[in-house]
Amino acid sequence: MNKKIYSKIEESLQKGEEICWINDKKIDFSAYDSPFETSDIDNAENRLHRFLSYIQAEFPEVKDGIIESPLQEISQMKNAMNEKYNLIIKGRLMIKRDDLLPIAGSVKARGGIYEILKYAEKLAIENNLITPEDDYIRFREPKFKELFSKYTVQVGSTGNLGLSIGIMSAAMGFNAVVHMSDDAKEWKKKRLRDNGVKVIEHTCNYEKAVDSGRKESANDKYSYFVDDERSKDLFLGYSVAGRRLKKQLCDMKIQVNEKSPLFVYIPCGIGGAPGGITYGLKTEFGDNVHCFFVEPTNAPCMLLGMVSGLHDKICVQDIGISGKTEADGLAVGRPSMFIGKIMDNILSGLFTVKDNKLVEYLKLLYNTENIYLEPSATAAFKCIEDIMSNIACLDYLNKHKNIDVNNITHIVWATGGKFVPEEIKKQHLNNMN
């Protein structure tokens, strides 16, 4: 990164300005030195398949045992954004409804639940309770819960990852512990406790809550810590989304090619979920998918790490940014220790958004499409606004001369909101009027 460019970006970050950064280190995916094999995603997908009967029996609301969300077009939102922000959004505008993912109600369901299932499978096989050829509905048998009750699963979270890890762990019979920072919402703590999860509250930020949980777990040989900063299992669980999305697009007869690409916009906290999703999408669509992250102006940890080249060696507090934001799931000061490095050559760009814009998008989406998202989940709409109006983004489009802007499929990734209590929803909506 050019030092002058970095200094300018750092100054804008310190001022709390919204930024559009196009990644000049992005390369053709055919030249990308992937840290994983295709077989790694195959294994994740196959493992999830083995657990279908268990998931369906344990959580009857999960159709066919598949933890997946719908993809839908939001043309009314597109028209409203055009009018409100003086835009001309060309192509389709769609939303990936990870806010509706069962069990956890957020994007974290894929990776979080996958990691717990993998850990449970490992213990069961080591204790000769099951083989991969068996019907995994057997995980509901008392002897499995008896085994798992000897073990503790711990995680540090501002909320959504804690919900996926905590609820799944408790359901399988583990002692589930979630360490939560003071950014976490009270309703998320209550939902965890209502599902038999022990919540330990820390009067500190996300990073310190994770560190406390990691240290506590390390002192107990029967404790397993799900590490959002370092977990490759979480990453691979998220990456399965690429294949699922490809099938949905095929079913909707939406073609993806060089002239008719995907532009995908994902809210980013520590980076695990958006990183895994991006990697999964790139393995399916290669250079025909262009992925962008978006972060709050008060917690732009991934942007700071990538533009500085320091990744997890720098945090937003190092340059005087608070890390405090209404977008609680994105309230992270330091990025994952390995996600930024994976994204260096495949991420198309990063945006930042002010908290008040989250409220605007929330209201506009609710009024046009009757879709409610929690504030952090609306962040990706900022990417649409910038892509259609920002000079740097238009330059990006011009560099990809074969793209027909009329045939772009824009996908906004909605990351959470299903289980927000009605009184909180009403509070948000009343505050917007």
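**Cavities.** I looked up the cavities in this predicted model and found five of 30 Å³ or more. A cavity here is a set of points, on a 1 Å grid over the protein atoms alone, where a 1.4 Å probe fits but cannot get out. Grid points are joined across faces, edges and corners, and a volume is the space filled by probe spheres set on the points. The largest cavity has a volume of about 230 Å³. I counted 21 residues in its lining (an atom within 4 Å of a point). Val-107, Lys-108, Gly-269, Gly-329 and Leu-330 lie nearest its centre. Helix H7 (160–172) and helix H12 (272–285) are the elements that give two or more residues to this lining; helices are DSSP runs of H or I with at least four residues, strands are runs of E with at least two, and both are numbered from the N terminus.

**Ground rules.** I note that residues are numbered from 1 along each chain as its sequence is written, and that side-chain values use heavy atoms, with hydrogens and water left out. Local features need pLDDT of at least 70, side-chain atom pairs count only at pLDDT 80 or more, and totals for chains, interfaces and linings use all residues.

**Salt bridges.** I searched the whole structure and found 38 salt bridges (a side-chain nitrogen of Lys or Arg within 4 Å of a carboxyl oxygen of Asp or Glu). In one of them, Lys-25 meets Asp-344 at 3.2 Å, N to O. Lys-25 lies in the loop between strand E1 (20–22) and helix H2 (38–50), and Asp-344 in the loop between helix H14 (339–343) and strand E10 (349–353), so the pair ties together parts 319 residues apart in sequence. I checked exposure with a 1.4 Å probe on protein chains only: buried means under 20% relative accessible area, exposed over 50%, partly exposed in between. Lys-25 is partly exposed at 30%, and Asp-344 is buried at 13%.

I also looked up Lys-246 and Glu-284, whose side chains meet in a salt bridge at 3.6 Å, N to O. Lys-246 is in helix H11 (residues 241–251) and Glu-284 in helix H12, 38 residues apart.

Note on methods: 1 Å grid on protein atoms, 1.4 Å probe; cavity = no way out; pocket = protein on both sides within 12 Å on 5 of 7 lines; lining within 4 Å.
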